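Visitor: I have a model open and would like to walk through it. Can you take my questions as they come?

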Amino acid sequence: MEATNELLRVENLGVVFTHGSMEAHALRGIDLSFSRKEIHGLVGESGSGKTVTSTCIIGLLPSPPGKIVSGRILFGTQDLLKLPEGEMRKVRGRKIAMVFHEPAKYLNPAFKIGEQITEMLILHLGMNKAQAREKALELLGLVGLGKDGRILDSYPHELSGGMKQRAMIAIAISCDPVFLIADEPTTALDVTLQLQILRLIRKLKDMLGMGVLFISHDLGVVKEVADRVSVIYAGRIVESSSKGKLFEKPLHPYTRLLILSIPDARKRGSRLATIPGRVPDADKTPTGCAFHPRCPLADARCASDNPELVEYEPGHVAACHHAGEPWNI
Ligand SMILES: Nc1ncnc2c1ncn2[C@@H]1O[C@H](COP(=O)(O)OP(=O)(O)OP(=O)(O)O)[C@@H](O)[C@H]1O
Ligand SMILES: [Mg+2]
């Protein structure tokens, strides 16, 4: 990856949640790099730290109980973690936008879709009402909701799930963000709608030149949409590479098991691999490699020494004492 193309970089991000005497180390030194016009998929099972990572980037970590204990988030020359809230408010929604998996929660039921889009344009871009309405129509056309104004004058409850998701994407891209965070944006949709939304995100990424952080627990979905993939486990990145290399030559046993658990039409009838056990709670992270209790390759060293991320080929890193070793499962 060319350094000049880098848009945003997360370095050594650490987050702890404190509840009374309980300390949960939700992120334990996350490193991620995002480029323009690139969809970077972040994948891992439930509880691995995907949403906590995205809330830190957008400056919305609930604090307390959450606290950022280490790291930087470099956006150009600025460290977002050092920005006062007033400055961060100018970045959030304007330069860095976000879409979530539950548009119903995000869209305000009391306001028409058009009002919710034009509000952003008036607030952030200083447009007048007529300019904002025209731009809102253009945005709805862009996300496939028609240019005739019908959706503009609809309330959220009048739209189907897929349409709501498109409307939320229109709001997110309204101020031409350079970076878009999509946290499980298709999880609530059926497969056909899911594919349509994934295609839409790819189209918008190309048209607007945005960098995208695409979060999913489903590596099959990430495979459809991402250019680059990072795998997160128990608050650490365990593997990261271009999508092609990750699927061709996965190095970490966790990545390999995630790949084997993707439902695949060609494998129909064959047994789908499942990964035994589950992600540990963030206050009970095992010693050594956090994945070792579930790993088919684990030995005594894995239980005591936490493996560092090592670059095995340019742009392909993994944190595993047995990276790429053969196995039979
Ligand atoms: N407010 C909180 N208080 C305590 N722990 C929290 C809090 N929010 C998140 N955590 C913990 O941080 C860890 C990461 O949570 P996160 O929500 O980032 O997971 P995720 O990867 O987004 O999972 P999912 O796929 O279910 O959305 C989990 O162990 C979770 O229990
Ligand atoms: Mg989440």
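Predicted model: local features only at pLDDT ≥ 70, side-chain atom pairs only at ≥ 80, totals over all residues.

Visitor: How many helices and strands does the chain have?
Guide: There are eleven helices and twelve strands in the chain. The radius of gyration is 21 Å, close to the 20 Å that the globule rule gives for 329 residues, so the chain is as compact as a globular protein of that length.

Visitor: What does the C-alpha trace span along its principal axes?
Guide: About 65 × 50 × 40 Å.

Visitor: And what share of the residues count as buried?
Guide: Of the 329 residues, 41% count as buried. As for contacts between residues at least 6 apart in sequence, 65% join residues at least 24 apart.

Visitor: Switching to the sheet of four strands. What is the strand order?
Guide: The order is β2-β1-β4-β5, in an open sheet with antiparallel pairing. β2 and β5 are the edge strands, each pairing on one side only.

Visitor: What holds strands of a sheet together, in general?
Guide: Strands of a sheet pair through backbone hydrogen bonds, either parallel or antiparallel.

Visitor: How many bridges do β1 and β4 pair over?
Guide: Eight bridges, with β1 covering residues 6-19 and β4 covering residues 66-75.

Visitor: Which residue of β5 is the bridge partner of Leu-74?
Guide: Asp-79 is the partner of Leu-74 in β5. β4 and β5 run antiparallel and are joined by two bridges.

Visitor: How many residues sit between β4 and β5 in the hairpin?
Guide: Two residues lie between these strands, and Gly-76 in the turn has a positive phi of about 65°.

Visitor: Which strands does α1 lie across?
Guide: α1 lies across β1, β2 and β4, and runs at about 115° to β1.

Visitor: Now the ligand. Which residues come nearest to ligand 1?
Guide: Phe-17, Ala-26, Ser-46, Thr-51 and Ala-282 come nearest, out of 16 residues around ligand 1.

Visitor: Which elements each supply at least two residues of that shell?
Guide: β2, residues 22-35, and α1, residues 50-57, each supply at least two residues of the shell around ligand 1.

Visitor: Which one gives the most?
Guide: α1 gives the most to the shell around ligand 1, with three residues.

Visitor: How do the shell residues divide by type?
Guide: The shell around ligand 1 has seven nonpolar, seven polar and two charged residues.

How values were computed: Residues numbered from 1 in each chain as written. Chains lettered and ligands numbered in written order. Near = placed C-beta within 6 Å. Nonpolar A, V, L, I, M, F, W, Y, C, P; charged D, E, K, R; others polar. Pairing = 2+ DSSP bridges. Contact = placed C-beta atoms within 7 Å. Axes fitted to C-alpha atoms, helices over the stretch in contact; angles between N-to-C directions. Rg over C-alpha atoms; globule rule 2.2 N^0.38 Å. Buried ≥ 20, exposed ≤ 12 C-beta atoms within 10 Å, placed from the backbone.
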